[in-house]
Structure formats: C-alpha cells, structure tokens
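Hi there,

Here is the structure I promised to pass on. Please have a look at it, and then read on for what turned up.

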Amino acid sequence: MAVGVPETEVFAAADTVLARGERPTVERVRLELGRGSPARVGALLDQWWDQLAQRLRGETRLPTLPTEVAQAFVAVWQQAILLAQGVAEQGLSEQRAVLDAERVRVADVEEAARQAAAQARQQVAADQAARQAAETRLSDLEQLLAQRQAQLDDLQNRCTVLTTERKEAVHEVGTLRQELQAAQRQLTQERESSAGYVRGVEERAHREVDRAREESRAAATQLKTVGKQQEQLRQRLDIALAQLSEAQQVAAAESARAMTLEQQLAAAASPRRTSAKPAKTVKPAKRPRKSADAE
C-alpha cells in the first residue's frame with residue numbers, strides 16, 4: 001500500500017463518508033480513497049475530527065435572527081455537536097482498537113521475523129560447520145588416495161621387477177637344462193667311447209695288459225670328473241628351480257596385496273562412507289638372494 005496520502009484527500013474522503021450519513025472510520029476512509037496505510041489515514045482522521053469540531057463551533061456564529069429561532073437553532077446545533085462528539089469518540093476508540101491490533105500484529109510479525117532470523121543464522125552456522133567438516137574430510141581422503149596411489153605404483157614397480165627376475169630365472173633354468181642335456185649327451189658319448197675302448201683293450205689285453213690298466217685308470221678318473229660335473233650341474237639346476245618357485249610365490253603375494261589395496265582405495269573414495277580406516281602399510285617383499293652357484 002502507498003504511504004504518504006495527502007491530508008486534503010483524506011479530509012475530503014471523510015467529508016464524503018459523513019455526507020452519506022456514515023461514521024468516518026479508518027477502513028471506510030481507506031475504502032473511499034482506494035489507498036493509504038492504516039497508520040497514515042488514522043493520524044489524519046484524528047486531525048479531521050479536531051477540525052470538524054472547530055468548524056462546528058464556528059457555525060454557532062449565526063447572523064442576526066429572531067430570538068426564538070436563534071435559540072432553537074443553537075439548541076439543535078449544540079445537540080448535533082454532542083452527537084458528533086459522541087460519534088467522534090466512538091470512531092477514535094475504534095481507531096485506537098485498530099491501531100492496537102495493528103501494533104500487536106506488527107509485534108508478532110517482528111517476533112516471528114526475529115525467530116526466523118535466529119533459526120536462519122543457526123542453520124547457516126550448521127551448514128558452514130558441515131561444509132568445513134566435509135572439506136576437511138575431502139582433503140584427508142585426497143591425501144589418503146595419494147598415499148594409496150603411491151603405494152600402488154610402488155607395488156606395480158615391484159611386480160614389474162619380479163616379473164623381469166622371473167623371466168631371467170626361467171631363461172637361466174632353460175640354459176641350465178640345455179647345459180645338463182649337453183653334459184648328459186657328452187657323458188653318454190664318453191661312456192660309449194669308454195666301452196668301445198675297453199672292448200678294444202680287452203681284445204689287446206694279452207699284449208698290452210699294463211698299458212690297458214693305465215688307460216683304464218685314466219678313463220675311470222675322467223669318468224669321475226664327468227660325474228662330478230654332472231652332480232654340480234644338477235645342484236645348480238635344483239637351486240635355480242627353488243629360486244624360481246620362491247619368485248613365483250613372492251609375485252603372487254604382491255599381486256594379492258595390490259588387489260587388496262585397490263579395493264581399499266575404491267572403498268575410501270566412495271561418498272557414502274562415513275569413516276575410513278587407514279590400511280596397513282604393505283612391507284616391501286624381500287628379493288630372493290641368488291646363490292653364488294647360480295650366477
């Protein structure tokens with residue numbers, strides 16, 4: 001509603017209402033104007049009632065009339081003034097009641113506004129605290145994610161190293177097997193050669209007994225040497241196979257740890273988790289030592 005209605009318009013509207021035979025009230029005057037706040041119209045209506053009383057008192061100054069007519073007119077006029085004052089007092093009482101009700105309503109609205117503002121401030125503070133906690137939680141999760149990613153990268157690097165070592169061990173085992181096969185073929189050839197030689201010696205035994213004995217001793221020594229070489233090759237093969245088995249076990253353990261760490265990372269990054277337990281630090285697996293014989 002507009003504020004600041006001119007007093008002349010309010011006075012004119014009150015005169016119009018009074019001319020219709022109705023008592024000018026705040027609501028009737030506002031209805032007649034079509035605008036104006038209750039406080040503004042009520043204050044100007046008080047002034048209108050004061051001016052109305054003054055105007056009525058001014059009407060008592062009548063021109064010279066016959067005494068009986070003047071007295072009768074004055075009596076009627078005084079009665080009208082009394083009635084007008086009564087109407088004015090009643091209007092003022094109603095206006096005061098309206099103003100009091102308006103003040104109560106305004107006070108209720110102000111109190112509700114204060115309570116709403118206090119609740120809004122509390123809600124804003126709670127939202128800010130929740131936001132700060134969420135940001136802190138997000139920062140912690142990002143740090144944890146970075147640590148887990150670093151651990152995962154280290155495990156992947158270790159898996160790569162173990163894979164390379166496994167390939168090298170497999171290659172070395174293959175080489176040792178080839179050497180063993182070659183040694184076995186050489187031993188077989190030497191045994192066959194020795195057997196043929198012994199047969200030849202037996203055929204010449206009657207002529208070269210002493211020489212055959214010496215050569216037999218040399219052949220036996222050579223056979224012992226070859227047997228020792230074969231035994232060494234077998235030992236190297238056993239060591240290489242053991243190292244290969246150990247490397248495979250270490251690689252399987254590292255792969256299992258990497259998979260567990262990835263699951264922990266996925267669980268830590270989920271927004272529906274309310275808390276996250278720090279994962280145990282995975283100790284780097286010790287690389288198997290190569291035996292001096294396997295080098």
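Are Trp48 and Trp49 buried or exposed? Both of these residues are buried. Please keep in mind that this is a predicted model.

The two tryptophans also belong together in another way. A pair of aromatic rings is described by the distance of the centres and the angle of the planes. For Trp48 and Trp49, the centres are 4.8 Å apart and the planes stand at 75 degrees, an edge-to-face pair. The count of aromatic pairs comes to one.

Now for the overall picture. The protein has five helices and zero strands, so its pattern along the sequence reads α-α-α-α-α by the DSSP runs used here. Of its 295 residues, 22% count as buried. The accessible surface is about 21100 Å², and carbon and sulfur atoms contribute 53% of that surface. Among contacts with a separation of 6 or more, 77% are between residues 24 or more positions apart.

Helix α1 (residues 7-19) and helix α2 (residues 26-33) have axes that come within 9 Å and cross at roughly 110 degrees. Because angles of 65 to 115 degrees count as roughly perpendicular, α1 is roughly perpendicular to α2. On the α1 side, the contact is made by Glu9, Val10, Ala13, Ala14, Thr16 and Val17; α2 brings Arg28, Val29, Glu32 and Leu33. By class, this contact has six nonpolar, one polar and three charged residues.

Best wishes

Methods:
Residues numbered from 1 in each chain as written. Predicted model: local features only at pLDDT ≥ 70, side-chain atom pairs only at ≥ 80, totals over all residues. Heavy atoms only, no water. Axes fitted to C-alpha atoms, helices over the stretch in contact; angles between N-to-C directions. Helix = DSSP H or I, 4+ residues; strand = E, 2+ residues; numbered from the N terminus. Parallel < 35°, antiparallel > 145°, perpendicular 65-115°, else oblique. Contact = heavy atoms within 4.5 Å. Nonpolar A, V, L, I, M, F, W, Y, C, P; charged D, E, K, R; others polar. Phe/Tyr/Trp six-rings, centres within 6.5 Å; stacked < 30°, edge-to-face > 60°. Buried < 20%, exposed > 50% of the residue type's maximum accessible area, 1.4 Å probe, protein only. Areas by Shrake-Rupley, 256 points an atom, 1.4 Å probe, with all protein chains shown as cover.
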